[in-house]
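Here is a short report for a reader new to this structure. Have the sequence and the 3D view open while reading.

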Amino acid sequence: MDNKTEGRIIKSVAGFYYVQYNDKVFQCRGRGNFRKKKITPVVGDWVVFESSNPTDGYIMDVKERKNELNRPPISNVDQAILVFSAVRPEFSSSLLDRFLVHIEDNGIQPVICFTKMDLIESAEYQKEIENYIAAYKKLGYEVIPTSAMSLAGMEDIKPIFKGKTSVFAGQSGVGKSSLLNALMPELMLETNDISDHLGRGKHTTRHVELLPFEGGLIADTPGFSSLDFVEIETEELSYNFPEMKQRVSQCKFRGCTHSSEPKCAVKKAVEEGEIPSFRYDHYLEFLQEIKDQKRRY
Ligand code: GDP
Ligand code: ZN
């Protein structure tokens, strides 16, 4: 191979970076200028590395990142599987919208995955969940209902990984580890057994690693990113709601926040039932939160 090659970090342990190039993995250390720029390589980084033998090498440069998550530390993510349980804990559309805004703002494609479908007890609640599934599908999102218990939905979820780098995200206890284990039995992730009567699970931390799966790469450590809106401006918030984004240009005022402004295309669409009112309510809730945060800083 060439002395200088571009590869991708798939694992990082104790100062060593495992860089994949074609079908080989090189154990590398950092060297070179990027360290002066205070850049610490993370899993997912595309890097330039040098090697004079078939097993080891040195990372000389880190390519610019498309995006970057903190928990787990991973870069250049294409897709996030947002894992939400139907029950235990009960589904919250407000929390899902919060995750969606966050993920969209990072330029990551979301996929919504409902888990624990087998635990739904009443027909009414089943209907409620189905209505949400239909609503999010109508917004253009991919939605996949699953059960790690009955393995329902496992065949539906597999094709989404092809050609992409994916992470799993969601609250603790929703079934991320169980889902990963159902898809990749060799992983044997420790699952969180319900630790209290509120149905919240415990936290377990591991080193992140990108594993090949169904023609793509999956981060083996589920993420739970911090979900405040510090970096989002009030005028930008609606761009993270696809059904609003497509209408913003029809609002009378530039920089319309779709709250108190007249001749607002978003408000009109809500009134006409084209945008679900629960989405608009969450939008207003988040908008207020951003305003409150700005006041505090
Ligand atoms: P994580 O914290 O998101 O990784 O959640 P876990 O995968 O650890 O799951 C939390 C709890 O929910 C565990 O007791 C699992 O056995 C249980 N669980 C997860 N998925 C399912 C499911 O689809 N059906 C049922 N019945 N239980 C599940
Ligand atoms: Zn507007």
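## Naming the elements

Helices (H or I, at least four residues) and strands (E, at least two) are DSSP runs, numbered from the N terminus. The model is predicted.

## A loop proline

Pro 41 sits in the loop that runs between strand E3 (24-30) and strand E4 (46-50). Is Pro 41 buried or exposed? Its relative accessibility is 7%, so Pro 41 counts as buried. The cut-off for buried is under 20%.

Which residues touch Pro 41, leaving aside neighbours within four places in sequence? They are Ile 9, Tyr 17, Phe 34, Val 62 and Arg 65. Asp 61 is 20 residues away from Pro 41 along the chain, and their C-alpha atoms are separated by 9.0 Å.

## Domains

The domain assignment divides the chain into domain 1 (4-63), domain 2 (69-219) and domain 3 (234-296). The centres of domain 1 and domain 2, taken over C-alpha atoms, are 30 Å apart. Across their boundary, 10 residues of domain 1 are in contact with 10 residues of domain 2.

The size of an interface is often given as the accessible area lost when the parts come together. Domain 1 and domain 2 bury about 820 Å² between them, with 52% of it on carbon and sulfur atoms. On the domain 1 side, Arg 8, Ile 10 and Val 43 supply 53% of the area buried against domain 2, more than any other three residues.

Strands of a sheet pair through backbone hydrogen bonds, either parallel or antiparallel. Here, 6 strands form an open sheet with mixed pairing, in the order E10-E9-E8-E11-E13-E12. Strand E10 (142-145) and strand E12 (210-213) are at the edges; each has a single partner strand, so one side of each lacks a neighbour in the sheet. From one strand to the next, the twist averages 30 degrees.

Strand E11 (residues 165-169) and strand E13 (residues 216-219) run parallel, joined by 2 bridges. Ser 166 has Ile 218 as its bridge partner in E13. Two helices lie across strands of the sheet. Helix H4 (residues 176-183) lies across strand E8 (79-85), E9, E11, E12 and E13, at about 140 degrees to E11.

## Salt bridges

How many salt bridges does the structure hold? The count is 13. One of them pairs Glu 6 with Lys 63, whose closest N and O atoms are 3.8 Å apart. Glu 6 is in strand E1 (residues 4-13), while Lys 63 is in the loop between strand E5 (56-62) and strand E6 (68-69), 57 residues apart. Glu 6 is partly exposed at 41% relative accessibility. Lys 63 is partly exposed too, at 34%.

Arg 65 and Asp 45 meet in a salt bridge of 2.7 Å, N to O. Arg 65 lies in the loop between E5 and E6, and Asp 45 in the loop between E3 and E4, so the pair ties together parts 20 residues apart in sequence. Asp 45 is buried, with a relative accessible area of 0%. Arg 65 is partly exposed, at 21%.

Asp 292 forms a salt bridge with Arg 295, the closest N and O atoms being 3.4 Å apart. These two are 3 residues apart in helix H7 (residues 277-296), so about one helical turn separates them. Asp 292 is partly exposed at 29%, and Arg 295 is exposed at 62%. Elsewhere, salt bridges that share partners join Asp 45, Arg 65 and Glu 68 into one network.

Terms used:
Residues numbered from 1 in each chain as written. Chains lettered and ligands numbered in written order. Predicted model: local features only at pLDDT ≥ 70, side-chain atom pairs only at ≥ 80, totals over all residues. Heavy atoms only, no water. Pairing = 2+ DSSP bridges. Axes fitted to C-alpha atoms, helices over the stretch in contact; angles between N-to-C directions. Contact = heavy atoms within 4.5 Å. Buried < 20%, exposed > 50% of the residue type's maximum accessible area, 1.4 Å probe, protein only. Domains from an automatic or database assignment. Buried area = accessible area lost by both parts, 1.4 Å probe. Salt bridge = Lys/Arg side-chain N within 4 Å of Asp/Glu carboxyl O.
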